[in-house]
Amino acid sequence: LSGGAKMIDTSWYNADKKEYVLNDAADLYGFAELSRETDFAGKTVKLGKNIVVNKDVKNPTSNWTQIGNTSKPFAGTFDGQGHKLQNIGSMLFGTTDGATIKNIGLESGTVVQNLTYAQYTGTLVGSCEGNDPTTISNCYSKVNLSSASNDAGGLVGKLYGTLSDSYYSGIIRVSGTVGGLIGSSASASKPANVDHCYVSSTIIKSSGSASNRGALAGYLHSGSQLFRC
């Protein structure tokens, strides 16, 4: 990988393959590292089993870094196949663009996010705001969230796309705009649609505008909708 020596083994990656299965934390670390420089559009990544990140990783040599970033958003499909991840300690996905994320649970621990590191924070995804909408379905998080980001949500910080059949349960401590499911929609032209979701959480707002706070969403632009929540 550019910018220095490769810190996690990514030799399992083959650009010709369309599908990958991650079976342990080392695989997950490798995928996250690859995602910052590799286009996963048209590819599917699956979890083969439950993973406890800080316990299962084999000889970790770098800290967890989110899947996808602003310069290389994740644009593929991530299918947890009903499995769960524990002890991530940071957002699972940093930035997505036209991605599909489904069938994944996050459990235990606290996601702590610094404003200098990410403008938008969610335990599942920080920001879905690229050229194409992201689809998130059948996901949940029971991970606490502590964030100084502009927009923060239990599942997604900023959403352009659809969130359905999902829930968040945890404690959110935040300074900016905050919602139990999503912090905000991306814009009026990039709406968020939330369907058949629920929240069981406590939001503790330490500073900032109290008007941009909601049990489900902190701020929704015109065109965004909540259904059956």
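**Exercise 1. Which residues do ring pairs link into a cluster?**

Solution. Start with the criterion: rings of Phe, Tyr and Trp (its six-membered ring) pair if their centres lie within 6.5 Å. The cluster joins Tyr13, Tyr20, Phe31, Phe40, Phe74, Phe78 and Phe93. Over the whole structure, the search finds 11 aromatic pairs.

The model is predicted: local features need pLDDT of at least 70, side-chain atom pairs count only at pLDDT 80 or more, and totals for chains, interfaces and linings use all residues. Numbering runs from 1 along each chain as its sequence is written, and side-chain values use heavy atoms, without hydrogens and water.

**Exercise 2. Classify the pair of tyrosine 140 and tyrosine 167.**

Solution. Planes under 30 degrees apart count as stacked, over 60 as edge-to-face and the rest as tilted. Here the ring centres are 5.2 Å apart and the planes at 5 degrees, so the pair is stacked. Next, place the residues. Tyrosine 140 lies in strand S9 (residues 134-147) and tyrosine 167 in strand S13 (residues 167-174), so the pair ties together parts 27 residues apart in sequence. Strands are DSSP runs (E, at least two residues), numbered from the N terminus. Both tyrosine 140 and tyrosine 167 are buried, meaning under 20% relative accessible area with a 1.4 Å probe, protein chains only.

**Exercise 3. Is isoleucine 172 buried or exposed, and what does it contact?**

Solution. Isoleucine 172 is found in strand S13. Its relative accessibility is 0%, so isoleucine 172 counts as buried. Now list contacts (heavy atoms within 4.5 Å). Beyond neighbours within four places in sequence, isoleucine 172 contacts Leu145, Gly154, Val178, Gly179, Gly180, Thr202, Ile203 and Ile204. Finally, check the C-alpha atoms: those of isoleucine 172 and isoleucine 204 are separated by 5.9 Å, at 32 residues apart along the chain.

How values were computed:
Helices (H or I, at least four residues) and strands (E, at least two) are DSSP runs, numbered from the N terminus. Buried means under 20% relative accessible area, exposed over 50%, partly exposed in between (1.4 Å probe, protein chains only).
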